Amino acid sequence: MDKEAEKFRLLLQKYNEGLCTSEEMAWLESWYLQWNESRKESMSRAALDETTEEMWNVVSAQTTEVPVYKLWPRIAAAAVVLLTVGAALVFFQNRSETEKVDSLAQESYKQDIQPGGIKATLTLADGRKIVLDGAKNGVLAKQTGIKITKTADGQLIYTIADSKSASPSAYNTIETPKGGQYQIRLPDGTQVWLNSGSSMKYPLSFAGSRQRRVELNGEAYFEVAPNKKSPFIVKTAKQEVEVLGTHFDINAYPDEQLTKTTLLEGSVKLNGRTRLIPGEQGISAGDRDIQVKQVNTDEVMDWKNKQFIFNEEELQSVMRRISRWYDVDIVYEDKPQDLKFVGVISSTRNVSGVLKLMERTKKVHFKIEGRKIIVLSKQ
């Protein structure tokens, strides 16, 4: 992503969070309203991109109070449009639109479910379990040579008091439930963010080890502390990722057919032979063969940035993500439709707000019963 596109993305994020100045708000809303006025009926992606760029040029020419950002059509489309096959819906997430949709959602659904939050369970090598979302800040536990501290922002920090006494064969496991995420700093300084419904097994200490090896089930983003003498290895059911010091995301959920490793910075090696460069994703099915493709890393990292970014994503895939984040079961009353969605929705909203936006495509309908979401074809 170029610098201008990144500026545009950050401006959209500021707007969604209510942090824009009045000038920035006026500029974005003016751009959106002019773009929306030009859209009288559903468009193809090519027509959408062309119209969006035209509207951007109009607003840019009329606006002098804020910097003019160069439009990146694919970002603009993802930021303001929700598409299904044969239909299009604008849902730019300005505050008035969000309030309108949330109000409609409250009227439509008798029940609602709040989004996930910071929660996890830590299982120590000696079998003790600590529920982290309920644990007080400060020192949680002391193991041989290791002190585990929970900070005010929910991060776990490991302090090695005596590296010689910490056994490299002793393992802890951190696990996030459905509806939970957590951040942890490993003994070597590596930072890990766990997505919902994930677990990671790791040693108490990496001291003296030729490899820094962890095991992952689910999804996590890693910022690995550099150490050329001790490669960092992440083992999943279908991939083994080896790095020296880099930033990458691994999606290895058991209910997904594919395991995906996406590189943001540095270099990684998959299954001992396939190397990735930043912006590439290595995809594994049931065998050890790996397909490599270029991806938009913003889409991959949406969960960490408190968003759902859909890029022609199938309905079933969307609902699996909703299931994990809102801790709900998904039931299809009818045969799932061949629908694909494109759009950006904040994951900090109650589930009713997300479902209501999807319903406005007029292609699908939902019912909430307890912690179950029923998916119906729109009649």
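Arg128 is partly exposed, with a relative accessible area of 40%, where buried means under 20% relative accessible area, exposed over 50% and partly exposed in between (1.4 Å probe, protein chains only). Its side chain meets that of Asp126 in a salt bridge (2.8 Å, N to O), and Asp126 is exposed, at a relative accessible area of 51%. A salt bridge is defined here as a side-chain nitrogen of Lys or Arg within 4 Å of a carboxyl oxygen of Asp or Glu. The model is a predicted one, in which local features need pLDDT of at least 70 and side-chain atom pairs count only at pLDDT 80 or more, while totals for chains, interfaces and linings use all residues. Residues are numbered from 1 along each chain as its sequence is written, and side-chain values use heavy atoms, with hydrogens and water left out.

A search of the whole structure finds ten salt bridges. One of them joins the side chains of Glu256 and Arg320 (2.9 Å, N to O); this pair links distant parts of the chain, with Glu256 in the loop between strand E16 (247-252) and strand E17 (259-265) and Arg320 in helix H7 (residues 315-326), 64 residues apart. Helices (H or I, at least four residues) and strands (E, at least two) are DSSP runs, numbered from the N terminus. Glu256 counts as buried at 15% relative accessibility, whereas Arg320, at 27%, counts as partly exposed. The side chain of Glu256 also meets that of Arg324 in a salt bridge (3.2 Å, N to O). Because Glu256 lies in the loop between E16 and E17 and Arg324 in helix H7, this pair ties together parts that are 68 residues apart in sequence. Both Glu256 and Arg324 are buried, and a network of salt bridges links Asp255, Glu256, Arg320 and Arg324.

Helix H8 (residues 351-359) is mostly covered, as nine of its nine residues are buried; among them are Val351, Lys356 and Glu359.

Confidence is described by pLDDT, the predictor's confidence in each residue, from 0 to 100. The mean pLDDT of the protein is 76, and 68% of its residues reach 70 or more. Over residues 33-43 pLDDT stays under 50, and the model has 23 contacts beyond four places in sequence for this stretch, a contact meaning heavy atoms within 4.5 Å. Over residues 54-97 pLDDT likewise stays under 50, and for these residues the model has 125 contacts beyond four places in sequence.
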